[in-house]
Amino acid sequence: MYRQKYLFLLPGLLVLVAIILFPLLFTIRVSFSSWDVYNPGLNWVGGENYGRLWEDARYWEALLRLTGLTVGTVLLQYTLGFALALLVWREVVARRLFRVLFLIPMMTTPVVMSVLWRTIFHESLGPLNPILEGIGIGAVPWLSQSTWSFIAVMIVEIWQWTPFMFLLLLAGLLSLPNEPFLAAKIDGAGPIRTFLSVTFPMLGAISVGAILIRLIEASKIMETVYVLTSGGPGTSTETSSYYIYIRGMRDFQIGYSAALSLTYLIIMIVTLTIVAKLLVRALVRDQA
Amino acid sequence: MAEIRLANLAHAYGNGSYALKPLDMTWRNGGTYALLGPSGCGKSTMLNIISGLLKPSEGRVLFDGQDVTDKDTGARNIAQVFQVPVIYRSMTVADNLAFPLVCRGVPAARIKARVTAVAERLGLARHLTARANRLTADQKQLISLGRGLVREDVSAVLLDEPLTVIDPQMKFELRKTLKEINREFGLTMVLVTHDQNEALTFADTVVVMNHGEVIQAGSPQELFDRPATAHVGTFIGSPAMNFLPATVEGDRVVLAGTGLSSPLPPGSGPLTFGFRPEHVGTTEGMALDGRIARLWFEGAEQIASIETAGHVFRARLPGTTASVGDRLSLRLPISALRLYRDERLVA
C-alpha cells in the first residue's frame, strides 16, 4: 500500500545527492589520485597525498595560525558584543539608532569591507598611520610585518563580526524575564553580582550558540586574508582555507588539495564537537 | 517587621491617568493583607511601590513611621515572592538561600546557621546541596520565600500571586506554610491575588481594588456581610450576591411582587436591593416566594435560581428534595437586606 510514497521523497533525495553526497564522495576519491594540471584524471596513488600532507609543515602551521586567529577573534567578538548589548539593552538615549549603527559592519560585503580596510591600513597612503603618528604612537607596518599583519586581519574580523554577537546577545537579553532582576535587587545584589549570578547564567545557552556559530564561520575565513594580505607577508597570515585554495586553485594540484580539504574537514568536525560539548558543560550548567 | 503606612499615595504612569488613585492606609505589624482585584486594577502597582521597584508619583510610603519613599529596594528590607518562581538557576538551594546574606556581607558562619534554620523550617533541608532548578515549582516558591526569611531584618513579605503556577494540591500546602510562617515570625504579609478564595482564606484584611481604586478594605466577614459596592458583592462570595432593581413607593423602597421593603434613604439615583444567596431561608423575615428555575448541586447544599415576579435571584438551600418547577415559600431576614444607590451601599 502507498508504495509510491517514496516517489515523493525523490526530489529532496536527488538534491541531497547532487549537492552533498556526490561532491563529498568524489573528493574522497580524488584525494587518492595524483590529479594535477599535467596529468588530469582519476588514477590511483593510494595514500601518497596523505603521506605528503603529514610532512607538509606549511599546512599544519596554517592550521595552528587559524586556531589562534579563530579563538582570539571569537573571544574578543563575544566580549565586545556582550558589552555593547549590555550598553543598549536598558533605557539609553537613542538606543534604536545605536542598535542599527552597530549592525552596519555585518551588512557589508566581506570583500568590499576588506578592500576598505586595506586602504585604511595602507602604510603610505592610508589614513590610519598619519593619525597614529599624530597622537604620538608612530606609524605601524600594518601589512608588511608578520605580527602586525596578523593583528590587522584580526582587527578586520572583529570589526566585521562583533555585530553578529551583539545581535544574538541583545536578542537574548531582551527575551529575559524581568522578575529575576527584581529579585536580585530585593536581595541586595549590586550590578556586578547581578551580572554574574543572573544575567550571565541566563544567557549561557545563547552564548554557546553564538560562539559555536562564530567558531564555525571564523574557521572558514578566506576573503579577508585574500584581499587584505594574500596570506603574506610570506605565509604569516595564511590560514587553512587559503592554503587549500592556493594548492587547489592556483597550483592546480587537485588530488593533493582534496586530501588537504578532507583532513581539514575531519579535524574541524572533531574539534568543534569537542568544543561544543565543553562549552555546554561550562556555560549551560542548569540544562545539563 | 514593620507597620506599613501609605500616606496619600497615588501613582500615574507617563500618560497622566492614575494607575493607582490617591489612598491612605495603614497596615499593622504582623498582619496578613490581601490585595484583591481583576488584572490591571492597580494591585501590582501598589505592591511595586511598597517594594520600591516603582517610585510613586504622589504621596509617601512609611515603614514604622520612617519615610522610605526615596529608599532603594535593597535598603527597604522587604522580601518579595513573584508569580513565577525566581531562583538563581546556576546555584544550589543552599547558595540561593544564602544569596541575600552574601550580598549584605554577613559572616559565613552566621549565613550557614540561618540557611540551615530556614531550610529546616521550610522543609528544604534535604535539598540543600541540590541545584535549585531541579526542584518542583512549589519548592522553588519556597526558596523565593526562604530568601526573604533568612534575613532577620525583613519588614514585610510581599507575595505577588505566588500560588498561580502551583499545582492545586500543593497550593493548599503552600498557603498553609505561608500562614504558619506569618504567625511564627510575626511578619507583615501582603498577598496580591485575583482569586477571592485565596484572599479570603489567607488574609485578616482584604483590600478590594478595581480601576486603580481601593473600593473596600475589611475583614472577610465584613466584605461578605456589607459589600461597599455592587462590584464587591459580585466579586466576593460564590455564588455572587443578588442585586435586584428596587422601586420607590411613598417613603419606602420595595421590590415589586415580593415582601422586600426598606425605608427610603435620602439622595437620588437608581436603587438596588442586595442580599446574599446564603441568607435566604424559610423561617423568618420578608416574603420572597418563587419558582425554582434551575438547580446546581453543591454537596450538602444546592444553589437554586429562583424566579419571582419577573426577577431572578439565587439562593443557597440545604439539601432539599425540591426540584425544578417547584414553588417555594422563602424568607429573607431584615438584617440581611442591603440597599445600594448607584451601586454604592446606602443601607
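In which crossing does H12(A) pass H13(A), left-handed or right-handed? I looked, and H12(A) passes H13(A) in a left-handed crossing (the near helix is turned anticlockwise from the far one by less than a right angle; clockwise would be right-handed).

A note on the model before going on. I am working with a predicted model, where local features need pLDDT of at least 70, side-chain atom pairs count only at pLDDT 80 or more, and totals for chains, interfaces and linings use all residues. Residues are numbered from 1 along each chain as its sequence is written, with chains lettered from A and ligands numbered from 1 in the order in which they are written.

Chain A, the helix pair. I found that the axes of H12 (residues 240-250) and H13 (residues 254-283) of chain A come within 8 Å and cross at roughly 160 degrees. That makes H12(A) roughly antiparallel to H13(A) (angles over 145 degrees count as such). From H12(A), I noted Ser240(A), Ile244(A), Arg247(A) and Gly248(A) in the contact (C-beta atoms, placed from the backbone, within 7 Å). H13(A) brings Ile254(A), Tyr256(A), Ser257(A), Leu260(A), Ser261(A) and Tyr264(A).

Chain B, the strands. Next I followed E9(B) (residues 205-210), which pairs with E3(B) (residues 32-36) in the parallel sense over four bridges (pairing takes at least two DSSP bridges). Here Leu36(B) has Val208(B) as its bridge partner. E9(B) also runs antiparallel to E10(B) (residues 213-218), joined by five bridges, and I see Val206(B) opposite Gly218(B). E9(B) and E10(B) form a hairpin with two residues between them. In that turn, I noted a positive phi of about 50 degrees at His211(B).

Notes: Axes are lines fitted to C-alpha atoms, for helices over the stretch in contact, and angles run from 0 to 180 degrees between N-to-C directions. Angles under 35 degrees count as roughly parallel, over 145 as roughly antiparallel, 65 to 115 as roughly perpendicular and the rest as oblique. Two residues are in contact if their C-beta atoms, placed from the backbone, lie within 7 Å.
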